[in-house]
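My notes follow the order in which I checked them.

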Amino acid sequence: MSTNKNENTMDKLVSLCKRRGYIFQSSEIYGGINSCWDYGPMGVELKKNIKEFWWKSMISSREDVEGLDTSILMHPKIWEASGHVDSFTDPLVDCKNCKKRFREDMVEGNKCPNCGGELTDTRQFNLMFKTNMGPVEDEASIVYLRPETAQGIYANFLNVQKSSRQKIPFGIGQIGKAFRNEITPGNFIFRTREFEQMEMQYFVKPDTDREWMDYWKEERMYWYVNLGIRKDKLRLHEHSSDELAHYAKTAFDIQYNFPFGWQELEGIHNRSDFDLKQHIKYSGKDLSYFNEATRDRFVPYIIETSAGCDRTLLTTLIDAYTEEEVRGEKRVVLKLSSHIAPLKIGVFPLVKRDGMPELARKVTDSLRKKTMVFYDESGAIGRRYRRQDEIGTPFCVTIDSESLENSTVTVRDRDTMEQLRVNIDKLNSFIGEKLRD
Ligand code: ATP
């Protein structure tokens with residue numbers, strides 16, 4: 001029963017995303033390509049706002065974290081050192097009957113979840129995408145699409161530390177694409193083969209790793225709440241020893257209660273000195289840190305906060321999706337926090353005559369200097385409100401006949417649907433205040 005209801009929520013969200021220009025299936029005109037998605041005009045704004053919020057909280061508002069943008073293709077030895085060539089695998093089983101593939105840890109018993117058929121023995125499947133660099137396709141030309149952004153940070157640890165003159169503890173963050181040839185992608189943009197990560201690696205003295213782990217767990221949880229996600233839908237989950245990745249000493253996931261269950265949003269890992277030591281070994285370069293004050297040299301421990309941008313975006317949409325009954329009719333509204341909503345204000349002339357469109361255009365131009373505004377004069381006013389409700393636009397400004405007489409407009413609040421009359425001269429500051437709330 002509840003599964004149907006939950007599947008329903010996802011179906012409704014997928015259809016809203018298409019209808020309102022948030023997310024489209026990639027290559028749709030050719031029948032689509034599995035697990036790849038494109039962000040439309042609204043989606044790209046929402047994604048940009050989430051990334052900006054992350055960048056501001058994690059990097060530009062802090063003195064102890066630097067930004068970085070490293071390339072997707074890196075020296076193939078990076079992935080030997082990191083352990084990805086040997087260990088970045090998932091256990092794969094095939095159904096002998098219907099030929100479907102599953103991640104072994106997602107299957108109960110030895111029966112195919114699709115048809116009940118017999119499953120093959122488990123094989124380890126490497127999740128890295130391989131390609132070739134240069135015109136000759138041979139073993140020597142193999143490069144990988146990075147499966148995480150973290151390694152670009154480790155490889156540049158000393159470049160960043162020396163050029164920025166940071167002292168430990170300090171962090172390096174970056175946002176960028178990562179690729180994993182997932183066996184079972186799905187749940188819309190939750191698990192895809194191409195996605196964006198927002199990762200920060202914090203370099204600390206070895207015996208201070210526990211306290212920094214606690215610090216970042218708290219900071220990151222708080223970030224999601226500030227993003228506007230409901231607190232009661234978030235929790236921390238500690239990895240048991242059999243869940244730990246090969247590099248991790250301890251690990252926590254921040255999880256969200258999705259319609260398909262509690263799932264990871266972000267991983268917070270104590271990676272110890274594993275990564276830097278591996279790169280020292282494989283590159284032959286000394287990546288240790290020298291503390292001028294105490295004259296001691298050590299290989300830092302790393303606390304990693306690794307978030308998925310697309311997964312966070314999906315969470316904001318699911319968390320914001322609301323159906324209400326208003327005067328006997330269903331209203332669908334995305335109650336996105338105003339700081340991440342793609343559009344902030346819709347401006348409408350009540351009717352397309354009597355000088356209302358002209359005045360509405362003027363109002364639009366003056367608001368647009370400060371924020372994202374959408375002008376709409378077509379169709380019944382109720383439909384225009386409903387469209388902005390579905391997009392999640394926090395305010396709608398309507399120019400009516402009274403506006404022409406006394407230079408006031410109505411401002412409608414998306415969540416309460418209350419309308420207030422505001423003088424046009426005061427509109428910018430009135431909405432500015434509300435958007436800051
Ligand atoms: P899972 O166990 O779900 O496969 P993971 O533990 O491998 O995830 P990490 O390697 O910790 O994930 O990646 C950090 C973050 O990157 C995840 O919390 C998630 O937000 C995001 N992420 C990882 N894989 C994907 C994917 N295939 N699609 C979308 N986002 C992803």
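These entries go from ground rules to single residues.

**Ground rules.** I am working with a predicted model, where local features need pLDDT of at least 70, side-chain atom pairs count only at pLDDT 80 or more, and totals for chains, interfaces and linings use all residues. Residues are numbered from 1 along each chain as its sequence is written, and side-chain values use heavy atoms, with hydrogens and water left out.

**Cores.** I looked for nonpolar cores, meaning sets of buried Ala, Val, Leu, Ile, Met, Phe, Trp, Tyr and Cys residues joined through side-chain atoms within 4.5 Å. For burial I used relative accessible area: buried is under 20%, exposed is over 50%, and partly exposed is in between (1.4 Å probe, protein chains only). The largest core holds 54 residues. Tyr22, Tyr224, Leu314 and Leu317 have the most contacts inside it. I then listed the contacts of Leu314 (heavy atoms within 4.5 Å). Beyond four places in sequence, Leu314 touches Met10, Leu13, Asn187, Phe188, Ile189, Phe190 and Phe258. A second, separate core has 18 residues, including Ile345 and Leu427.

**Helix H8.** Helices (H or I, at least four residues) and strands (E, at least two) are DSSP runs, numbered from the N terminus. H8 spans residues 274-283, and I find Asp275, Leu276, Gln278 and His279 buried there. These four sit on the same side of H8, because they cover an arc of only 160° around the axis. That arc is taken from the directions from the helix axis to the C-beta atoms. What do the buried residues of H8 pack against? I noted helices H3 (76-81), H5 (150-155) and H6 (157-164), plus strands E10 (194-204), E13 (261-272) and E16 (301-308). Gly284 follows H8 and has a positive phi, near 75°.

**Salt bridges.** My criterion was a side-chain nitrogen of Lys or Arg within 4 Å of a carboxyl oxygen of Asp or Glu. The whole structure gives 37. I looked at Lys18 and Glu28, which pair at 2.8 Å, N to O. Lys18 is in helix H1 (residues 2-19) and Glu28 in the loop between strands E1 (23-25) and E2 (37-39), so the bridge ties together parts 10 residues apart in sequence. Next came Asp214 and Lys217, at 3.3 Å, N to O. Both lie in helix H7 (residues 209-227), 3 residues apart, about one turn of the helix. Asp214 is partly exposed at 45%, whereas Lys217 is buried at 16%. I also traced a network: shared partners join Glu324, Arg331, Lys335, Asp389 and Arg412.

**Arg412.** Arg412 is in strand E22 (residues 408-413). Is Arg412 buried or exposed? Its relative accessibility is 6%, so Arg412 counts as buried. Its side chain makes a polar contact with the side chain of Asp389 at 3.0 Å. A polar contact is a pair of N or O atoms within 3.5 Å; within protein, one must be able to donate a hydrogen and the other to accept it, and residues adjacent in sequence count only if both atoms are side-chain atoms.

**Ligand.** I counted a residue as near if one of its heavy atoms lies within 4 Å. Of 15 residues around the ligand, Glu182, Arg191, Thr192, Glu264 and Leu265 come nearest. A backbone N or O atom of Thr192 is 2.8 Å from a ligand nitrogen. A polar backbone atom of Leu265 lies 2.9 Å from a ligand oxygen.
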